Amino acid sequence: MNPYILATLLFGLGLGTTITFASSHWLLAWMGLEMNTLAIIPLMAQHHHPRAVEATTKYFLTQATGAAMLLFASTTNAWMTGQWDIQQMTHPLPVTLITLALALKVGLAPVHAWLPEVLQGLDLTTGLILSTWQKLAPLALLMQIQPLNSPLLIVLGLTSTLVGGWGGLNQTQLRKILAYSSIAHLGWMVLVMQFSPALTLLTLLAYLLMTFSTFLVFKLNNSTTLNTLSTSWTKAPALTALAPLILLSLGGLPPLTGFMPKWLILQELAKQDLALTATLAALAALLSLYFYLRLSYALTLTMAPNNTTGMTPWRFLPSQLTLPVTISATATLLLLPLTPAMVALLTI
């Protein structure tokens, strides 16, 4: 892709998210979300592969439906209450509609079915943008309207954690596994959003960090399926040894960084007398942990067949930049001892 076009599209992505962040009017927020969608569509279809074009079409239709619902609900709210301010949502009907529209845009269950299919058709770089940056603007709007729809958010959060756990169990495609992982993590964020928005923000930051390092490891290994990942130890043994630890951090296993947000969220749910919700969320986390363990088992405890793909290739100097994956993987694995400092920051 032409670097000028690429720079323009990335600028459009940043500008759309920034407009949504800064807006207090529903029309401005809607405009930012639309700019975001229109900027990423050429990035998704840039390879001109039928699977990429299909994923782009699915993404466009889904996002257009979510945007239309959002515009309809905000117009309904203006008609019923006479104002467009995001912070002044009072009527439950437009609040529910807007919550469902934002859930559709971000990929929360039960309106999640587009996310694994779309992510499967993209390359890893665009999939990383879709899994991280594209979640920010809808989540910012959800956090602004969350005090009014607590039962709906708990239902969406629990459904997402369960669906994200069940859906990834029998997958062999790494991008689909990461899509279901995204659904499960979003469920954890939404579950605690109304009780502690700062904790939701911490969970989002941890998720962005872990997903960034996971995508970078898969990209450096050039792996998109479980088989290619499990035979990558001959090409990059250090990176392949690091991959299971990063995946287990995504699963929330102590003593890795991913344990911190889950631990704090379960603690917060217990404080709010939601013992059953906390129990179901913890059991759903075990489902997610199972398929991360499955990936880790395939990486470390199985022997690749000694055919052409299993033989040690010639070692060339690495042509890709490894500093970002080094920094993000270190943070993904070693930030758990900073939990008291994080809790202190949350209570300020």
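Trainee: Let's start with one residue. Where does Ser 288 lie?

Mentor: Ser 288 lies in helix H14. Helices here are DSSP runs (H or I, at least four residues), numbered from the N terminus. One caution: this is a predicted model, where local features need pLDDT of at least 70 and side-chain atom pairs count only at pLDDT 80 or more, while totals for chains, interfaces and linings use all residues. Residues are numbered from 1 along each chain as its sequence is written, and side-chain values use heavy atoms, without hydrogens or water.

Trainee: OK. Is Ser 288 buried or exposed?

Mentor: Ser 288 is buried, because its relative accessible area is 8%. Buried means under 20%, exposed over 50%, partly exposed in between (1.4 Å probe, protein chains only).

Trainee: And what does Ser 288 touch?

Mentor: Leaving out residues up to four places away in sequence, Ser 288 touches Gly 164, Gly 165 and Ala 184. Touching, or contact, means heavy atoms within 4.5 Å.

Trainee: What about Asn 36? Which helix is Asn 36 in?

Mentor: Helix H2 holds Asn 36. Asn 36 has 3% relative accessibility, so this residue counts as buried. Apart from residues up to four places away, Asn 36 touches Leu 13, Gly 16, Thr 17, Trp 133, Gln 134 and Ala 137.

Trainee: How far is Asn 36 from Ile 19?

Mentor: C-alpha to C-alpha, the two are 9.7 Å apart in space. In sequence, 17 residues separate them.

Trainee: Now Gln 63. Where is that, and what is Gln 63 in contact with?

Mentor: Gln 63 sits in helix H3, residues 50-81. With 2% relative accessibility, Gln 63 counts as buried. Setting aside neighbours within four places in sequence, Gln 63 is in contact with Glu 34, Thr 37, Leu 104, Lys 105 and Trp 114.

Trainee: Switching to whole helices. How many residues of H6 are buried?

Mentor: H6 spans residues 124-131, and seven of its eight residues are buried. They are Leu 124, Thr 126, Gly 127, Leu 128, Ile 129, Leu 130 and Ser 131.

Trainee: At what angle do H2 and H6 pack?

Mentor: H2 (residues 26-44) and H6 pack at about 160 degrees, with axes 10 Å apart. That angle makes H2 roughly antiparallel to H6. Ile 40, Leu 43 and Met 44 of H2 make the contact with Thr 126, Ile 129 and Leu 130 of H6.

Trainee: What do those words mean?

Mentor: Axes are lines fitted to C-alpha atoms, over the stretch in contact for helices, and angles run from 0 to 180 degrees between N-to-C directions. Under 35 degrees is roughly parallel, over 145 roughly antiparallel, 65 to 115 roughly perpendicular, and the rest oblique.

Trainee: Then what about H13 and H14? How do their axes cross?

Mentor: The axes of H13 (residues 259-271) and H14 (residues 275-300) cross at roughly 160 degrees and come within 9 Å. H13 and H14 are therefore roughly antiparallel. H13 brings Lys 262, Leu 266 and Leu 269 to the contact. From H14 come Thr 277, Ala 278, Ala 281, Ala 282 and Ala 285.

Trainee: Are H4 and H8 roughly parallel or antiparallel?

Mentor: H4 (residues 92-106) and H8 (residues 150-167) pack at about 20 degrees, axes 11 Å apart. So H4 is roughly parallel to H8. Thr 96, Thr 99, Leu 100 and Ala 103 of H4 meet Leu 152, Leu 153 and Leu 156 of H8.

Trainee: Where does UniProt place the "transmembrane region" feature?

Mentor: The unreviewed UniProt entry has several, including residues 236-253 and 274-293. UniProt positions use the numbering here, feature names are shortened, and annotations may be inferred rather than shown by experiment. In the model, residues 236-253 are 83% helix, with end C-alpha atoms 24 Å apart. Residues 274-293 are 95% helix, with ends 28 Å apart.

Definitions and conventions
Helices (H or I, at least four residues) and strands (E, at least two) are DSSP runs, numbered from the N terminus.
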